[in-house]
Amino acid sequence: MGITDMQEAFYYRECAAAHENSPLGLHYAMFLPTINKQATPEQKKKWLPLAENYKMIGTYAQTELGHGTFIRGLETTATYDPKTKEFILDSPTLTSKKYWPGCLGKTSNHCVVMAQLYTQGKSHGPHMFMVQIRSMEDHSVLPGIEVGVIGNKFGYGTNDNGFLSFDKLRIPRENMLMRYSQVGRIPRENMLMRYSQVSRIPRENMLMRYSQVHEDGTYVKPQNAKLAYGSMVLIRSSIVSDAARGLAQACVISIRYSAVRRQTEAYPGGEEPQILDYQTQQYRLFPLLASAYSLQLAGKYVFNTYLEVNDQIEKGNLESMPELHALSAGLKAFSTYEASAGIEVCRICCGGHGYSQASGLPKIYVDVVPGCTYEGENTVMMLQTARYLMKCYSRAKQGQKLPGFVQYIGQNLNKKSCMSEEVALGCLVMAYEHRAARLVEAAAMRMQSLIQGGKKQHEAWNGSSVQLFWAAKAHCHLFCVKNFVDAIQAKSLSSKTVTVMKSVCQLYGVHGILENLGEFMQDGFFSGEQVGYLQRKMLALFENIRPNAVALVDAFDYPDMVLGSCLGRYDGQVYQALYDYAKSAPMNQTEIHSTYYKHLKPLINPETTSDAMQFAKL
Ligand SMILES: CCCCCCCCCCCC(=O)SCCNC(=O)CCNC(=O)[C@H](O)C(C)(C)COP(=O)(O)OP(=O)(O)OC[C@H]1O[C@@H](n2cnc3c(N)ncnc32)[C@H](O)[C@@H]1OP(=O)(O)O
Ligand SMILES: Cc1cc2nc3c(=O)[nH]c(=O)nc-3n(C[C@H](O)[C@H](O)[C@H](O)COP(=O)(O)OP(=O)(O)OC[C@H]3O[C@@H](n4cnc5c(N)ncnc54)[C@H](O)[C@@H]3O)c2cc1C
């Protein structure tokens, strides 16, 4: 189709294969970007045309049976042999087997492997290597490699998450040497297959844009070791929009359905109201609608930040890497938590029909919920953000200026909320700033007191980690509120749009406070009276939003084909669609199901079991 823009390609694929996760997902989400960002120009020249034309089909193989979060603990080794100028990949233990990479089990013929680099007898930590695992001729698994699928999962049925191990012992040493001695004489494109066949790969296959191993085995350190984690940062930055999309789609389904579904006479003999008119339905759905908008805006922001910082990195300026890491890790966690929990609420709000696959909601849920785990387990990611916040706190205490989105840290905490009946956006932002600043300080104080009490740094960290988590979550929440407020204050919006979106934004802020009231009230920042303003405002906002609710979900503009939902159809013909779905079920294609003959008839009518025997033989 000639589509080169990554986001555009995503939307195209979403329409073309709406109901399945692509078995090539990891190829374009991680394998191609990793080559693009981490390979040398020569490597790119060699691999990109093959990868872009789906000759090389690849994945990103980092996680192992024993380690996922702790990358430095990975056990797969890549040992450089200067005599042969090769790396020897090895999976020395059961726990070192690669486990979980998507599209690995059956689809990929290559992968980027994260392995511990050893050269000149020293370990240099995790580095990436390009490894061919299957033949480009017939897709057979190459010698020295064991690869397979990991079995059924919660979802992602069409994405063959796999296991993989390298066993150098299975390859005769002489064979490998012989193959190597031919390197200079065979065509370049033959090299990958020949080397991988023996689980030995050429030195040039190490993705060494930033770190290098010279031919004699000398290791040259990269400017920053975490540059090798760049692909993860890219995907974390993309996952925020991904989570937002899942939540937005669930809101479309649940809100449209709630406008069609009628239930329970409002008064004896009266009409059954649309369930969307129930305040309790609005209480569960409208804040999620607001959250979907907020996360979409946050997703855009973080991805644009990724692009900007990446631009600087390309120019050799690594200054903003820590900010980007903290922002992308925290928002990835915050957004996937919010979206997963929200999609489940949308499902429950559809009553019994929400439990049917016909609702489209189970599929959305199982697609979004692994985002809480992959690309960095959410709690661990929040703690990475907290680590950054602690550094900022200590810098603020030393009077140093902080970057824009953390400038609230270290602010004076002895103030009261400016909240009035009107619930001004400025007062909402101030409230979130105060809560985050207080929780950052509380976590820092806790750490400090544990250390002063004789605990070691790592013990103090663990002993403060719940508070650190709260601080990071409050920080991300503040970011989402502030970013939403900034977006609706953008000059490009029409006044009508601003009126509607202001209500949505206010609801996002107000509901978030009411759901986390303890954190806003612990130090007396809000008075009880002010909480009353917020509660009344929330109910008033439900009434404001109600007439626009369906238009607000229509505005996400997801075609029916993408939603794949009988409940969320644009035309509202929910009951006909459900009935058609039932009629088309495979079990309805025959009047009597085969199990009747096999199991039921012998019970109901034992004297005529010969039929059943007959069937069993068939
Ligand atoms: C279209 C969409 C859908 C896309 C759909 C995609 C489909 C799904 C794809 C899923 C693919 C995968 O899951 S791939 C596998 C993903 N795996 C993970 O994400 C593993 C998560 N683990 C990690 O990222 C790491 O190991 C950490 C961050 C947890 C810890 O790393 P570490 O090496 O032990 O580092 P640590 O000592 O804690 O920290 C040292 C310093 O490095 C910093 N640091 C750590 N990471 C980074 C980083 N990335 N960038 C900058 N700086 C960093 C720390 O802040 C710290 O700074 P200072 O404080 O010292 O200054
Ligand atoms: C659908 C799916 C697709 C995936 N695709 C890929 C892929 O393509 N490539 C790939 O390489 N990997 C992939 N993964 C693996 C994924 O990246 C890891 O599962 C993830 O990084 C989490 O690591 P873990 O499984 O080791 O969790 P663990 O670290 O074992 O986490 C278990 C628990 O321990 C806690 N914990 C761990 N460390 C800490 C800590 N330091 N402080 C506090 N708590 C901690 C966590 O919070 C969590 O509650 C995929 C996983 C899934 C589910």
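Predicted model: local features only at pLDDT ≥ 70, side-chain atom pairs only at ≥ 80, totals over all residues.
Residues are numbered from 1 along each chain as its sequence is written, and side-chain values use heavy atoms, with hydrogens and water left out.

An automatic or database domain assignment sets the bounds: the chain splits into domain 1 (22-222) and domain 2 (231-552).

| Item | Value |
|---|---|
| Distance between C-alpha centres | 38 Å |
| Residues of domain 1 in contact (heavy atoms within 4.5 Å) | 15 residues |
| Residues of domain 2 in contact | 17 residues |
| Buried area (accessible area, 1.4 Å probe, lost on being put together, summed over both) | about 1,200 Å² |

Carbon and sulfur atoms carry 61% of that buried area. On the domain 1 side, Lys-37, Phe-154 and Tyr-156 supply 40% of the area buried against domain 2, more than any other three residues.

What about polar links? Two residue pairs, both at pLDDT 80 or more, are in polar contact between the domains (N or O atoms within 3.5 Å, one able to donate a hydrogen and the other to accept it; residues adjacent in sequence count only if both atoms are side-chain atoms). Helix α2 (residues 25-38), a DSSP run of H or I with at least four residues, gives the most to the domain 1 side, with six residues.

Finally, UniProt (unreviewed entry) places "domain: Acyl-CoA oxidase C-alpha1" at residues 229-390, an annotation that may be inferred rather than shown by experiment. That stretch is 72% helix and 0% strand (strands being E runs of at least two), with its end C-alpha atoms 22 Å apart.

Technical notes. Chains lettered and ligands numbered in written order. Buried area = accessible area lost by both parts, 1.4 Å probe.
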